[in-house]
Amino acid sequence: MLLCIDCGNTNTVFSIWDGERFLCTLRTATEHTRTADQYFTWFATLIAHHRIEARITDVIISSTVPRVVFNLRVFADRYFNTRPIVVGKPECLLPHPARVDAGTNVGPDRLVNSAGAYDRHGGDLIVVDFGTATTFDVVAHDGAYVGGVIAPGVNLSLEALHMAAAALPHVDVTKPQAVIGTNTVACMQSGVFWGYVGLVREICARIRAEYEAPMRIIGTGGLAPLFATGDVLFDTIEDDLTMHGLTVIHAYNKENGAA
Ligand SMILES: Nc1ncnc2c1ncn2[C@@H]1O[C@H](COP(=O)(O)OP(=O)(O)OP(=O)(O)O)[C@@H](O)[C@H]1O
Ligand SMILES: CC(C)(CO)[C@@H](O)C(=O)NCCC(=O)O
Ligand SMILES: [K+]
């Protein structure tokens, strides 16, 4: 079984792939001080709770936070006796290498999303991922990541308002009843929700205008379904796109002898 680890700036997600389906998905806050032993204690407890018989033979990691990779490597080695594949490292092959400016280190999550989306949908795609940042990944006809857009994340924007303005509370994102807010929280929710609807529409429209072929838009990340209700037009929403991309990259490395 393959353990897929997607480490973002806010959350780290573990998912077990048995070759046909994901047996479970576990989420924890990203914390670079967490040790291999701490990961295992947490992992083993939840696996037992869900009554899953996990026989992990392989591990693949995508991490947007370089500092956590060391302890995750130790975790894979110590508890599963395996050397993990780490996306973005030279020894990890990509089915379709990125075409970007020399010296650019594309976020591994974006490479993984691109691989996962291409595997399911073919090329000419925009992948919109609502994580810590809201990212737009352009996947070319041949499956290569060829660029995109990075915007501040939804929760980050709300947090920034709260941090910078003494009278603004911490609020969670939700779809407001109306555009005109009649209290502080409603005003903030409206600004962020409709602001993001506009941001996503505008950026996708401009990418489409700049690109040479018709494109489909795939939404992913925890907040994609919420924005789909604000008439942002995704062709599809897939909450497991990053995890799927990890299985695709793992299989490619196995087939090509790199793992
Ligand atoms: N099913 C859900 N419904 C509503 N909100 C959700 C759901 N799943 C996740 N979220 C919230 O959506 C936000 C985005 O989640 P997501 O996992 O896509 O990114 P993240 O973990 O915040 O960012 P990163 O991957 O960069 O660490 C998070 O704040 C999370 O709490
Ligand atoms: C943009 C984030 C933070 C989104 O998770 C991540 O993909 C990242 O750190 N990227 C590095 C820069 C880039 O992708 O061009
Ligand atoms: K993510």
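Residues are numbered from 1 along each chain as its sequence is written, and chains are lettered from A and ligands numbered from 1 in the order in which they are written. Because the model is predicted, local features need pLDDT of at least 70 and side-chain atom pairs count only at pLDDT 80 or more, while totals for chains, interfaces and linings use all residues; side-chain values use heavy atoms, with hydrogens and water left out.

Let me begin with the ligand. Around ligand 2, counting residues with a heavy atom within 4 Å of it, we find Asn9, Thr64, Asn105, Val106, Gly107, Asp109, Arg110, Thr135 and Ile150. Three of these have N or O atoms close to ligand oxygens, as polar contacts (pairs of N or O atoms within 3.5 Å): the side chain of Asp109 has an N or O atom at 2.5 Å from a ligand 2 oxygen, a backbone N or O atom of Gly107 lies at 2.8 Å from one, and a polar side-chain atom of Arg110 lies at 2.9 Å from one. Ligand 2 taken alone exposes 380 Å², of which the protein buries 72%, with areas from the Shrake-Rupley method and a 1.4 Å probe.

Turning to the aromatic side chains, the structure holds 17 aromatic pairs, meaning rings of Phe, Tyr and Trp (its six-membered ring) with centres within 6.5 Å. In one of them, the centres of Phe14 and Phe75 are 5.8 Å apart and the planes stand at 70°, so the pair is edge-to-face, the class for planes over 60 degrees apart. Phe14 belongs to strand 2 (residues 11–17) and Phe75 to helix 2 (residues 69–80), so that pair links parts of the chain 61 residues apart, where strands (E, at least two residues) and helices (H or I, at least four) are DSSP runs.

Note on methods:
A polar contact is a pair of N or O atoms within 3.5 Å; within protein, one must be able to donate a hydrogen and the other to accept it, and residues adjacent in sequence count only if both atoms are side-chain atoms. Rings of Phe, Tyr and Trp (its six-membered ring) pair if their centres lie within 6.5 Å; planes under 30 degrees apart count as stacked, over 60 as edge-to-face and the rest as tilted.
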